[in-house]
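Keep the view open as you read.

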Amino acid sequence: MRNAAITGWGMYVPEQVLTNADLEQMVETSDEWIVSRTGIRERRLAAETDTTLAMSAQASRRAIEVAGIDPLDIDLIILATVTPDMFMPATASLLQTELGAHRAAAFDLAAACSGFVYALAVGSQFIQTGVHRNVLVVGTDALTRFIDFTDRGTCILFGDGSGAVVLQASDAEEGVLSNVLGSDGRGAQHLHIDGFASNGLFARNGNGGSVADEVGLQRTFMKMNGNEVYRFSVRVMGETAVEAVNKAGLRLGDIDWLIPHQANLRIIDAAARRLDLPRDRVWVNLDRYGNTSAASVPMCLAEAADSGKLQPGMNMVLVAFGAGLSWASSVVRWGATGVRTKANERDG
Ligand code: UT7
């Protein structure tokens, strides 16, 4: 069976910075509270032009450039997002055209903050089973468009951004070694955005209107029960990370890096303790970007890769959790030593 190696990576964040000091002017909160409870200092806000498509294209172009492939070599694009540009078509299809990846199949995947790790699992299956050679996996969200900036329980947490990786077929012992995916819909009510969905609220009644029209529903915001999500995440991050390590046939001592979803520093610290990893082996950027949902793991991965701290042969655990409730983890071995791109295959 072929392996799926990560050979390209990229990220994009909007320019506009929203600091804790800015939030102090908007809601009853303080920099001290936000930093001590979450670790977040600032986050980025998508401008009007920073659509999910636009942000995805920026991150993807960089990933394709790093991988050194032609967009026409891409067989499949999976875009993990819960903030697509429109209901249909899939934003992944728009991205395909934007990138000139005209040969690629394309679809969106919705698993909230777990979305990128879910998409990595799906993409790597297509490579491991020999169906595809080159897969672009993207995680992008513009959640601040659905945040109520009078709700201090949510508005301090989220930011916008995008991260992307190129997965390529490899004959070496590298790339995605294991995946764990999970979901428990009994916790769906703890984290949700109701509007703009084809649920009953929008169903047409006999007069051609809908409940949404009757109650004057114009815009819906994220609702979150922070304590419930916190308790769930502290348990599930560590458990699912360890499960992925076991599935990869490795021991905790074999893990060099933790690349976790960036929701709350206390949640990340709990996962690191469970994996027995010191802080300097855990990638953290939530102080600068907050929780960027599906983008957080690939953004961390791109930063870590650009830093040069990931050496070939190093093992890392990617782990995320989010609305669903959902969770996902992967063990990835860094390095792309066994990859034959079309170009160097021709060269022999
Ligand atoms: O990708 C998944 C997305 N969601 C998450 O990851 C959320 C996970 N949950 C969390 O990160 C934490 O639960 C929060 C950061 C959201 C909240 O932290 P907490 O330590 O669980 O605080 P709490 O909700 O228990 O609130 C403690 C106090 C309350 O005041 P009282 O009732 O003790 O007087 C809150 O009203 O802090 C108050 N509070 C705030 N104070 C200042 C809540 N939000 C704020 C705020 N600024 N922004």
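Contact here means heavy atoms within 4.5 Å. Bear in mind, too, that this is a predicted model.

In soluble globular proteins, nonpolar side chains tend to be buried together.

Now look at the aromatic rings. A pair of such rings is described by the distance of the centres and the angle of the planes. The model holds four aromatic pairs. One of them joins F232 and F321 in an edge-to-face arrangement, with 6.3 Å from centre to centre and 75° between the planes. Because F232 sits in helix α8 and F321 in strand β12, this pair ties together parts that are 89 residues apart in sequence. F232 counts as buried at 7% relative accessibility, and F321 counts as buried at 4%. Another pair is that of W257 and W283, which is tilted: the centres are 5.8 Å apart and the planes make an angle of 55°. This pair also links distant parts of the chain, since W257 is in strand β11 (residues 257-260) and W283 in the loop between α9 and α10 (286-289), 26 residues apart. W257 and W283 are both buried. If you return to F232 and F321, you will find that they form one aromatic cluster with W327.

Next, turn to helix α9. Its buried residues are L265, I267, I268, A270, A271, A272 and L275. What do the buried residues of α9 pack against? Their partners are α2, α8, β11, α10 and β12. As background for reading a helix, an α-helix has 3.6 residues a turn, so residues three or four places apart point the same way.

The N-terminal end of α9 is capped by N264, with a side-chain oxygen 2.8 Å from the backbone nitrogen of R266. N264 itself is found in the loop between β11 and α9. Is N264 buried or exposed? With a relative accessible area of 8%, N264 is buried. The side chain of N264 also reaches the backbone oxygen of R37 at 3.0 Å. Apart from neighbours within four places in sequence, N264 is in contact with R37, T38, Y230 and L286.

N264 leads us on to the ligand. There are 21 residues around the ligand, and T29, R37, R152, H261 and N264 come nearest. An N or O atom in the side chain of N264 is 2.8 Å from an oxygen atom of the ligand. For R152, a polar side-chain atom lies 2.9 Å from a ligand oxygen atom. G226 takes part through its backbone, with an N or O atom 3.0 Å from a nitrogen atom of the ligand. Taken alone, the ligand exposes 950 Å², and the protein buries 73% of that. Two or more residues of the shell around the ligand come from α2 (31-38) and from α8. The largest share, four residues, is that of α8.

Finally, the backbone deserves a look. Most residues other than glycine have a negative phi, and most peptide bonds are trans. The bond from M88 to P89 is cis, with omega near 5°, and P89 is placed in the loop between β4 (76-80) and α4 (91-99). G324 and L325 are also joined by a cis peptide bond, with omega about -10°; L325 is in the loop between β12 and β13.

Two residues have a positive phi to note. Phi of A112 is near 50°, in the loop between β5 (105-109) and α5 (115-128), and A112 counts as buried at 10% relative accessibility. D276 follows α9, with phi near 65°. D276 counts as exposed, at 66% relative accessibility.

Note on methods: Residues numbered from 1 in each chain as written. Predicted model: local features only at pLDDT ≥ 70, side-chain atom pairs only at ≥ 80, totals over all residues. Heavy atoms only, no water. Phe/Tyr/Trp six-rings, centres within 6.5 Å; stacked < 30°, edge-to-face > 60°. Buried < 20%, exposed > 50% of the residue type's maximum accessible area, 1.4 Å probe, protein only. Near = heavy atom within 4 Å. Polar contact = N/O pair within 3.5 Å; in protein donor to acceptor, adjacent residues only side chain to side chain. Areas by Shrake-Rupley, 256 points an atom, 1.4 Å probe, with all protein chains shown as cover.
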